[in-house]
Amino acid sequence: MGESEREKGRVSLEGEKVILVPYMEAHVPKYHEWMKDPSLLQATGSEPLTLQQEYHMQLSWSRDPNKETFIVLDKDLIVGQFSHGEPHNEAMVGDVNIFMNDLDDSHVAEVEIMIAEPKSRRKGLGKESALMMISFGIENLGINIFRVKIGESNGASLDMFQKLGFVQTSYSSIFKEVTLELQITQAKKEEMLGLMGMVIKHT
């Protein structure tokens, strides 16, 4: 899929349990409420922002060519028919990001995932969302190394990414943070894409 087809904010990704939609302005108030939770701030390494700062952040993310941000919708919570371009706040349970910040290698990306709503945890939504973003990164962004940075106390996330094939490459005693990486070999690419029967929806 070329860049003209994959314009930012024009694609939703549908899996078995989740739909990933672009992070829209309408999502900001609920996202802002999530980020008042100290445990989520700690888990994501984030600083608390005002609502106005959150709106500014959403706008900057939507325009940043080196960042792809999607809101995770729990398909069980969608009211009525899913419609691309609608925020579906009632089903909004988290977010997932890919950052392409490595200036020396455009094929390296960092992945972040957050399932903020307790009622939607332990349902496999995080794993499916991560798989979908990795597949999206392989197919559309040419990524061949994925990296995650996770606090050492976040056992659930560490376990999930290790089960996806990520291996530890470094540890920061200062930040108490583990870095794991996934190298996309041809075999791994076929495995990842085979796991995902996702549909890419356009406006």
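Me: What should the 13 residues of helix H3 span, and how far apart are its end C-alpha atoms?

Reply: At 1.5 Å a residue, helix H3 (residues 51–63) should span 18 Å, and its end C-alpha atoms are 19 Å apart, which agrees. The expected span is 1.5 Å times one less than the number of residues, and a helix here is a DSSP run of H or I with at least four residues. This is a predicted model, in which local features need pLDDT of at least 70, side-chain atom pairs count only at pLDDT 80 or more, and totals for chains, interfaces and linings use all residues. Residues are numbered from 1 along each chain as its sequence is written, and side-chain values use heavy atoms, without hydrogens and water.

Me: Which residues of H3 are buried?

Reply: Glu54, Gln58 and Trp61 are buried, that is, under 20% relative accessible area with a 1.4 Å probe and protein chains only. They lie on the same side of H3 because they cover an arc of only 70° around the axis, taken from the directions from the helix axis to the C-beta atoms.

Me: Why would that spacing work?

Reply: An α-helix has 3.6 residues a turn, so residues three or four places apart point the same way.

Me: What is on the face turned away?

Reply: That face of H3 carries Gln52, His56 and Arg63, which are exposed (over 50% relative accessible area).

Me: Now H5, please. Which of its residues are buried?

Reply: In helix H5 (residues 155–163), these are Ser157, Leu158, Met160 and Phe161.

Me: And what follows H5?

Reply: Gly165 follows H5, and its phi is positive, near 105°.

Technical notes
Helix = DSSP H or I, 4+ residues; strand = E, 2+ residues; numbered from the N terminus.
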